[in-house]
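I opened my notebook to look up a few local features one at a time, and I wrote down each answer as I found it.

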Amino acid sequence: MPVPTDAIGDWPGWRPTRAIAARFVDWAVGTEGSSRSSALVRIGLAMLFWSRWAGELLLCRNQSPNGLFLAVNFFVATALLFVGYHSRIAAVWTGSVGLAMYYYFGHQLGREPWSHHHTYLLAIAALLIALTPCGLSYSLDRYLAVMRAERTGLPPPAERGNLWGLRLIVVQLSVLYFFAAFDKTNYAFLSGARIEQIFLWYYAGSDYPAGLAWLATIVSLAVVALEYCLAFGLPFRRTRRYLVLPGLVFHAIIYVTLPVYTFSATMALLYLAYFDADAVDKVIARLQGIGLAAREGIS
């Protein structure tokens with residue numbers, strides 16, 4: 001039975017424990033699929049790193065030894081990640097720079113915005129994408145491999161590889177959603193008080209709008225319910241179809257209403273990990289007209 005290459009496909013209802021364990025292991029660490037979705041995540045992560053920190057890490061901003069060392073590593077690592085040269089090494093390098101920014105510069109040196117969860121998520125995502133075939137597509141690595149194959153008269157290497165890094169991204173996102181909901185499962189949030197506080201701080205000042213209390217309570221309950229649903233529902237194909245759009249809309253609303261930096265864009269990008277990698281490949285081929293040409297026999 002072929003193992004689905006998305007997050008979790010049609011999970012068996014009841015089977016012997018050993019068969020379920022074997023299927024889970026195959027899904028987690030033994031599945032191969034198209035490298036194109038991993039490559040898209042790789043490129044997107046590099047762009048998100050630039051969007052979040054490039055302006056702060058210009059060489060003219062901090063000319064101390066630590067500042068220059070961080071900036072040089074940041075720009076070299078992310079540039080290699082973007083073009084896909086030694087892609088997995090570049091991903092580890094980029095993720096390590098992100099963790100240094102989060103733990104050392106953010107927490108230890110007190111650079112407060114760098115200690116936020118969006119920093120950690122970007123760094124971890126870069127490290128996890130190194131565990132995928134992210135350099136086999138849309139990369140300088142791919143271009144050089146095709147050139148070598150042409151010189152030797154061999155077919156170009158397949159754009160496929162082990163997808164266990166995408167599995168770990170799925171686990172990371174589910175853990176994130178679960179604990180985001182769990183941390184909000186208290187009276188202070190569920191009563192709407194926290195939402196009221198956020199609204200008054202950013203929008204209303206000392207003017208308390210009529211009807212805010214009940215509206216804040218409804219929004220608070222909806223947010224917690226949605227985050228629990230996203231944590232447990234997105235990994236499964238049958239429930240994912242109903243949750244992807246609400247999840248993306250949820251992050252879009254957060255992005256336009258609150259200063260969450262790159263968090264919403266990072267989450268939207270990492271949603272690619274939930275989907276069947278080969279299905280993503282087929283969508284890309286259809287957008288390029290390759291699927292139609294193949295069906296009609298056009299060379």
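Over the face of which residue does Arg52 lie? I looked this up in what is a predicted model, and I found that Arg52 lies over the face of Tyr261, at 4.2 Å from the ring centre. I then noted another such case, in which the charged end of Arg240 sits over the ring of Phe275, 5.6 Å from its centre.

Next I turned to pairs of rings, and a search of the whole structure gave 15 aromatic pairs. I recorded Tyr104 as partly exposed, with a relative accessible area of 32%, whereas Phe105 is buried at 13%.

I also looked up Phe179 and Phe182, whose ring centres are 6.4 Å apart with planes at 80 degrees, so this pair is edge-to-face as well. These two are three residues apart in helix 7, and are therefore separated by about one helical turn. Phe179 counts as partly exposed at 45% relative accessibility, and Phe182 is partly exposed at 47%.

Last, I went to helix 1, which runs over residues 17–29 and reaches 18 Å from its first C-alpha to its last, close to the 18 Å expected for its 13 residues. Its buried residues are Arg23, Trp27 and Ala28. Because they cover an arc of only 130 degrees around the axis, they are on the same side of helix 1, and I noted that they pack against helix 7.

How values were computed: Residues numbered from 1 in each chain as written. Predicted model: local features only at pLDDT ≥ 70, side-chain atom pairs only at ≥ 80, totals over all residues. Heavy atoms only, no water. Helix = DSSP H or I, 4+ residues; strand = E, 2+ residues; numbered from the N terminus. Expected span 1.5 Å × (residues − 1). Buried < 20%, exposed > 50% of the residue type's maximum accessible area, 1.4 Å probe, protein only. Arc of directions from axis to C-beta. Contact = heavy atoms within 4.5 Å. Phe/Tyr/Trp six-rings, centres within 6.5 Å; stacked < 30°, edge-to-face > 60°. Lys NZ or Arg CZ within 6 Å of the ring centre and 35° of its normal.
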